[in-house]
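Here's a quick briefing to read alongside the sequence and the 3D view. Have both open and click through as you go.

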There are 2 protein chains.
Amino acid sequence: MPDIIEPRVLKGFRDYLPEAEIERTTLLESLEASFRLFGFVPIDTPALEYADILLGKGGGETDKQVYHFVDHGGREVALRFDLTVPFARFMAEHVDELYLPFRRYHMAKVWRGENTQRGRYREFMQCDFDIVGVDSVAADADIVLLISAALETLAVGPFTIKISHRGVFNRFLAASGVADRSSSVLRIVDKLEKIGSQEVGRLLAAEVGDKVGAKVLEFIAKEGDFASTLSKMEGLAGGPGPDTERLRAIRASVEGAGLADRLVLTPSITRGLDYYTGVVFETSLDSIPQIGSVCSGGRYDELASLYTTRRLPGVGASIGLDRLLAALEAIGASRRRGGYTEVLILDIDEAMAVRYQAMARECRAAGLACEVFPEKRKLAQQFAYAERKGIPFALVLGSAEAERGAIVLKDLKTRESVEASTSGAAIGLLRERLGR
Amino acid sequence: MPDIIEPRVLKGFRDYLPEAEIERTTLLESLEASFRLFGFVPIDTPALEYADILLGKGGGETDKQVYHFVDHGGREVALRFDLTVPFARFMAEHVDELYLPFRRYHMAKVWRGENTQRGRYREFMQCDFDIVGVDSVAADADIVLLISAALETLAVGPFTIKISHRGVFNRFLAASGVADRSSSVLRIVDKLEKIGSQEVGRLLAAEVGDKVGAKVLEFIAKEGDFASTLSKMEGLAGGPGPDTERLRAIRASVEGAGLADRLVLTPSITRGLDYYTGVVFETSLDSIPQIGSVCSGGRYDELASLYTTRRLPGVGASIGLDRLLAALEAIGASRRRGGYTEVLILDIDEAMAVRYQAMARECRAAGLACEVFPEKRKLAQQFAYAERKGIPFALVLGSAEAERGAIVLKDLKTRESVEASTSGAAIGLLRERLGR
């Protein structure tokens with residue numbers, strides 16, 4: 001016996017067995033259908049890029065989470081750790097070959113050497129979509145409407161798209177005299193859902209004092225509805241401005257599309273990232289808010305300033321696929337299945353092999369996913385296979401059936417059988433039962 | 001002005017702009033539909049694996065083409081360079097969680113530090129499909145039928161699936177007394193299409209002498225039809241055997257499915273790889289045979305012997321996606337398009353923004369891919385955008401139209417316009433024109 005290498009994958013990496021891969025593929029296909037319905041186009045970029053492109057020029061202090069190494073040609077290279085940085089590089093490089101506004105989606109794997117103890121994976125898929133090259137209400141609204149349409153299609157139950165605007169928050173901080181504390185205040189405010197307003201109030205007081213802290217708490221409190229929350233924010237930020245007008249106009253557009261209920265003005269939403277400059281959003285599922293945002297994003301002024309002097313404003317969002325899959329499972333909307341096959345042609349008699357293939361071709365021509373069991377085995381084994389793979393129907397044609405000119409269609413769930421006199425008739429019965 | 005990092009990708013790596021990505025995605029979706037129609041299920045494996053898994057235990061003499069490095073945890077890791085090795089590891093690791101026969105497909109990226117001067121890429125996609133756990137006529141035939149169905153769906157024009165059997169070839173070599181020269185003979189024979197029979201004859205004579213060389217040339221010559229070629233092979237190989245019976249039975253099954261014309265017994269097909277032990281096939285497009293095989297594969301005895309003592313025989317094939325894309329382009333069957341959008345709602349009047357979004361929602365509810373131009377720009381610019389993206393129709397609603405209660409549907413190819421009195425009526429006209 002030769003030495004065997006123990007088959008195993010790296011920590012933090014995963015195989016996708018068919019059920020899990022079909023579940024993931026089904027989700028991606030559904031999202032993709034929504035993207036296309038909104039006029040978004042797909043792109044792809046390399047998994048491996050120059051390290052200085054992905055990490056910026058400060059190559060020395062490279063992030064420990066990034067997989068990077070020197071390739072055969074002596075180049076410092078790295079595996080992409082998100083889809084935003086490659087997209088920025090892509091836009092800077094190709095903007096003259098493209099057209100603006102450019103609405104793209106990208107669903108692809110990224111790699112991070114994360115600490116796996118926190119249940120994080122080192123390889124996972126991201127799904128980003130953006131509209132670049134325009135700064136307008138319609139583009140902002142489109143992203144909100146697309147998030148909404150995508151989640152509706154997934155049937156995740158009721159959900160809430162929380163929206164706010166970094167500009168209003170910044171004006172409010174300036175009006176309160178703490179503009180220079182912006183990032184630490186935002187960081188605290190961002191924890192509201194996790195730690196509650198009392199604890200946030202305590203942290204704010206420690207950071208900017210009791211009085212301003214209380215004002216911040218007032219600012220981030222949600223009022224009864226969109227209009228009253230917006231009025232309060234305007235009041236505390238020193239009056240109306242382009243930012244509050246933008247929020248009002250987005251709300252009107254979303255209302256025009258009949259989806260106003262989904263959109264909740266939530267001033268505590270700030271998104272940690274520095275690069276958002278306009279609207280920001282997060283999306284939570286009403287039945288399981290505790291899993292956090294399944295889709296977040298916002299508007300930025302400069303997508304690609306690292307790689308070009310050209311100004312590329314945009315708005316976009318990112319769907320948390322692993323989180324969404326977990327959510328679908330938690331609310332029982334997961335679409336796990338063993339396979340796509342709709343009918344299995346049993347192998348009962350080797351002399352019938354040629355007829356089995358002919359029947360299979362007939363099924364497929366009728367658009368039915370079909371497989372021929374490829375070996376004569378005990379019927380119980382063939383049924384067990386069908387059950388394991390979730391195949392709902394079987395076609396049975398042995399010598400006994402052939403003698404009396406019959407083909408049997410068997411419902412593998414109910415175990416009921418019906419006979420037909422030709423394969424065409426059997427396939428007709430099958431289509432009826434599948435509603436096709 | 002800050003320092004700008006020049007945006008660029010690594011040599012041998014490619015960005016996919018929307019047109020190219022849509023073309024590739026369309027191809028993948030078509031192939032996937034065929035796989036599913038035949039009962040195949042998808043799997044996925046990590047891009048990064050332990051180097052010893054991918055390269056075998058002789059880690060010292062690692063292939064220079066493989067991207068490998070030491071990760072943060074001191075592990076020797078490598079990027080997968082094909083989908084066969086990870087599949088072998090996958091089957092060895094998960095066979096008890098799966099069911100046999102297992103029919104899977106896997107479409108994913110692989111990486112090789114190839115010499116790019118030969119027009120090779122360092123990142124490319126592979127597409128493999130296999131039936132593992134059974135050694136039968138039906139499984140072999142299924143792979144042939146699937147190749148055929150997939151290419152039919154792609155509308156690549158007439159094609160030929162060349163089939164042979166390693167077993168017959170081996171028997172023939174043994175009968176000719178040169179069994180020990182098998183690999184060098186196979187390597188020469190494999191060049192037949194490239195260098196012609198005269199040159200192959202010369203190389204064979206140098207390798208095994210004039211007499212045996214002439215016999216090999218006779219063996220690999222194609223006769224008039226399947227049956228006569230098979231008879232000749234049987235004669236030269238010492239009579240019928242399980243291998244020639246297998247070929248005959250596969251041919252009968254393929255004939256039963258009405259596809260006998262596609263299948264040509266071609267004894268010169270041997271496939272270089274050592275691990276094929278049964279049937280082997282290659283597929284060429286009749287209109288451009290010079291691009292070589294677009295789908296090749298065969299039967300093997302031991303998929304995963306590096307990782308398990310369990311015997312896992314199987315049969316499968318791999319589609320050359322880059323080659324197939326090039327072929328589709330060469331024969332004018334390429335499905336390049338700028339985007340998926342079917343109708344663009346022009347932005348003519350900012351006061352109408354809300355109505356635009358409402359109309360867009362109506363379009364999408366009718367299943368039409370729709371986008372709202374997100375900014376008021378000159379009409380010429382909006383039309384140029386539509387043309388660039390290949391959008392066939394526009395909906396026009398400005399204040400003039402609104403005043404007379406009209407919505408204009410414009411065919412962007414013919415420049416013809418029709419008016420409707422409601423958005424619902426306009427969408428009805430649009431669906432008619434799109435045949436939906």
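This is a predicted model: local features need pLDDT of at least 70, side-chain atom pairs count only at pLDDT 80 or more; totals for chains, interfaces and linings use all residues.

Residues are numbered from 1 along each chain as its sequence is written, and chains are lettered from A and ligands numbered from 1 in the order in which they are written.

**Confidence and the chain contact**

- Chain A has an average pLDDT of 93, and 98% of its residues score at least 70; pLDDT is the predictor's confidence in each residue, from 0 to 100.
- The model comes with an ipTM of 0.94 and a pTM of 0.94.
- Chain A puts 93 residues into the contact and chain B puts in 93 residues, where two residues are in contact if their C-beta atoms, placed from the backbone, lie within 7 Å.
- On the side of chain A that touches chain B, you'll find 50 nonpolar, 15 polar and 28 charged residues. Here Ala, Val, Leu, Ile, Met, Phe, Trp, Tyr, Cys and Pro count as nonpolar, Asp, Glu, Lys and Arg as charged, and the others, Gly among them, as polar.

**Helix 9 of chain A**

- Helices (H or I, at least four residues) and strands (E, at least two) are DSSP runs, numbered from the N terminus.
- Helix 9 of chain A has twelve residues (226-237), and at 1.5 Å a residue it should span 16 Å; the end C-alpha atoms are 16 Å apart, so the two agree. The expected span is 1.5 Å times one less than the number of residues.
- Its buried residues are A:F226, A:L230, A:M233, A:E234 and A:A237. Buried means 20 or more other C-beta atoms within 10 Å of the residue's own, exposed means 12 or fewer, and partly exposed is in between, with C-beta atoms placed from the backbone.
- Looking down the axis of helix 9 of chain A, those buried residues fall within an arc of 100°, so they line one face of the helix; the arc is that of the directions from the helix axis to the C-beta atoms.
- The cover over that buried set in chain A includes helix 5 (166-175), helix 8 (210-220), helix 10 (242-256) and strand 8 (263-265).
- Just past helix 9 of chain A, A:G238 has a positive phi of about 95°.

**Helix 7 of chain A**

- A:G201 sits in helix 7 (residues 192-208) of chain A, and with 17 other C-beta atoms within 10 Å it is partly exposed.
- Setting aside neighbours within four places in sequence, A:G201 is in contact with A:G213 and A:L217.
- A:E199 is in helix 7 of chain A too, and is partly exposed with 13 other C-beta atoms within 10 Å.
- From A:E199 to A:A351 the C-alpha distance is 77 Å, for a separation of 152 residues in sequence.

**Strands**

- In chain A, nine of the ten residues of strand 9 (residues 276-285) are buried, so the rest of the structure largely encloses this strand.
- Strand 9 of chain A runs antiparallel to strand 7 (residues 159-165), joined by seven bridges, with A:F159 opposite A:L285. Two strands pair if DSSP finds at least two bridges between them.
- Strand 9 of chain A is also antiparallel to strand 10 (residues 295-300), through three bridges, and A:V280 stands opposite A:G298 there.
- Chain B has an open sheet of eight strands in the order 1-5-6-11-10-9-7-8, with mixed pairing. Strand 1 (41-42) and strand 8 (263-265) of chain B are at the edges with a single partner strand each, so one side of each lacks a neighbour in the sheet.
- Strands 15 and 16 of chain B form a hairpin with five residues between them.

- Most residues other than glycine have a negative phi, and most peptide bonds are trans.
- A cis peptide bond links A:L100 and A:P101, with omega about -5°; another links B:L100 and B:P101, with omega about -5°.
- B:A155 is not a glycine but has a positive phi of about 55°, and it counts as exposed with 11 C-beta neighbours inside 10 Å.
- B:R415, in the loop between strand 15 and strand 16 of chain B, has a positive phi near 65° and is exposed, with 8 C-beta neighbours inside 10 Å.
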